[in-house]
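Hi there,

Here is the structure I promised to pass on to you. Please open it and keep it beside this message while you read.

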Amino acid sequence: MARDGAVKSNEEYYDEFAAWYENKRHDGYHAVIDDLEFDLLREYARGADVLEVGCGTGLILEKAAEVASSAHGVDISDGMLEQARARGLEVQQADAAEALPFEDESFDLVYSFKVLAHIEDIDAALQEMARVTRRGGYLLLEFYNPWSLRYLAKRVGGPQRISKKTRESAVYTRWDSAIDLSRRLPENLEVLDFAGVRIFTPAAFFHKLPVVRGALRKMEFFGRDSMLKYFGGFLVVIAQRR
């Protein structure tokens, strides 16, 4: 086991995180973020064959499976996947930066939330995700945005704990702006739009305050698709496979 703050492989990091991942995740801040993300992908997933890259414990994939024709997930962590399997989801272990275990053009929608920012060989991962997307299909790709309150909060507050022994700093993390991402996507992907998740929330704590949390939720849903989207702490690229 690496000491607190020491760098770990993504698999080690998320296996350790798995036991804590769903703590307090079904209400408050985390529930709002998940709701914003699922609401964004719902119409793309309806009646489609979908793949979630980095599905974790299956919180969003479970919702997608309710509206999709078929739903599959991959994750690097078997600890996370154990909980996804317990939900009855079709998941398997895979590293997106190496190879996804699917044929070319297998899915109408490929999406990933809270994962791509932790993949060092991001170009290889994007190529793989594009490969398994059908022509005319869609990709929703979420990154961490340096033009955001979340970035400032991380700089001020420092890395948070994911377990008693490990902090967020133990895993590789990248930050990409909309300009960076427009230049980075593979040539066979066309950027259609962006969406911004967590624009107004300075810290998760504010979603615990009864008077504030309802207003923040409404503001976050409004801001996600407004011109303020470029300042979302989580920046989602909406792309189409040519």
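This is a predicted model: local features need pLDDT of at least 70, side-chain atom pairs count only at pLDDT 80 or more; totals for chains, interfaces and linings use all residues.

The strands come together in an open sheet of 7, with mixed pairing and the order S3-S2-S1-S4-S5-S7-S6. At the edges you will find S3 and S6, each of which pairs on one side only. Neighbouring strands are turned by 15 degrees against each other on average, ignoring direction. In general, the strands of a sheet pair through backbone hydrogen bonds, in either a parallel or an antiparallel way.

For a parallel example, look at S1 (residues 49-53) and S2 (residues 70-75), which are joined by 5 bridges.

Helix H3 (residues 59-67) touches S1, S2, S3 and S4, and its direction makes about 165 degrees with that of S2. Helix H4 (residues 78-86) touches S2 and S3, and its direction makes about 165 degrees with that of S3.

**Salt bridges**

How many salt bridges does the structure hold? There are 19, and here are some to look up.

- Arg-217 and Asp-35 form a salt bridge in which the closest N and O atoms are 3.1 Å apart. This pair links distant parts of the chain, with Arg-217 in helix H8 and Asp-35 in helix H2 (residues 28-45), 182 residues apart. Arg-217 is partly exposed at 33% relative accessibility, and Asp-35 is partly exposed at 23%.
- Arg-134 and Asp-49 meet through their side chains at 2.9 Å, N to O. Arg-134 counts as partly exposed, with 26% relative accessibility. Asp-49 counts as buried because its relative accessible area of 18% is under the 20% cut-off.
- Lys-229 and Asp-193 meet in a salt bridge of 2.7 Å, N to O. Lys-229 belongs to the loop between H8 and S7, while Asp-193 is in strand S6, 36 residues apart. Is Lys-229 buried or exposed? Lys-229 is buried, with 7% relative accessibility, whereas Asp-193 is partly exposed at 32%.

There is also a network of salt bridges that links Asp-39, Arg-42, Arg-224 and Asp-225.

**Two backbone angles to check**

Most residues other than glycine have a negative phi. Which value does Glu-105 have for phi? Its phi is near 55 degrees, a positive value in a residue that is not glycine. Glu-105 lies in the loop between strand S3 (90-93) and strand S4 (107-112), and is partly exposed with a relative accessible area of 29%.

Arg-198 is not a glycine either, yet has a positive phi of about 65 degrees. You will find Arg-198 in the loop between strand S6 (189-197) and helix H8 (210-224). Arg-198 is buried, with a relative accessible area of 7%.

Finally, Trp-147, Ile-179, Leu-228 and Phe-231 make a nonpolar surface patch of about 370 Å². Phe-231 lies in the loop between H8 and strand S7 (234-241) and is partly exposed, at 43% relative accessibility.

Enjoy looking around!

Best wishes

Technical notes: Residues are numbered from 1 along each chain as its sequence is written. Side-chain values use heavy atoms; hydrogens and water are left out. Helices (H or I, at least four residues) and strands (E, at least two) are DSSP runs, numbered from the N terminus. Buried means under 20% relative accessible area, exposed over 50%, partly exposed in between (1.4 Å probe, protein chains only). Patches are made of residues with over 30% relative accessible area and no salt bridge: like charges are joined within 9 Å, nonpolar side chains (Val, Leu, Ile, Met, Phe, Trp, Tyr) within 5 Å. Accessible areas come from the Shrake-Rupley method with a 1.4 Å probe; for residues, only the protein chains shown count as cover. A salt bridge is a side-chain nitrogen of Lys or Arg within 4 Å of a carboxyl oxygen of Asp or Glu. Two strands pair if DSSP finds at least two bridges between them. Axes are lines fitted to C-alpha atoms, for helices over the stretch in contact, and angles run from 0 to 180 degrees between N-to-C directions. Contact means heavy atoms within 4.5 Å.
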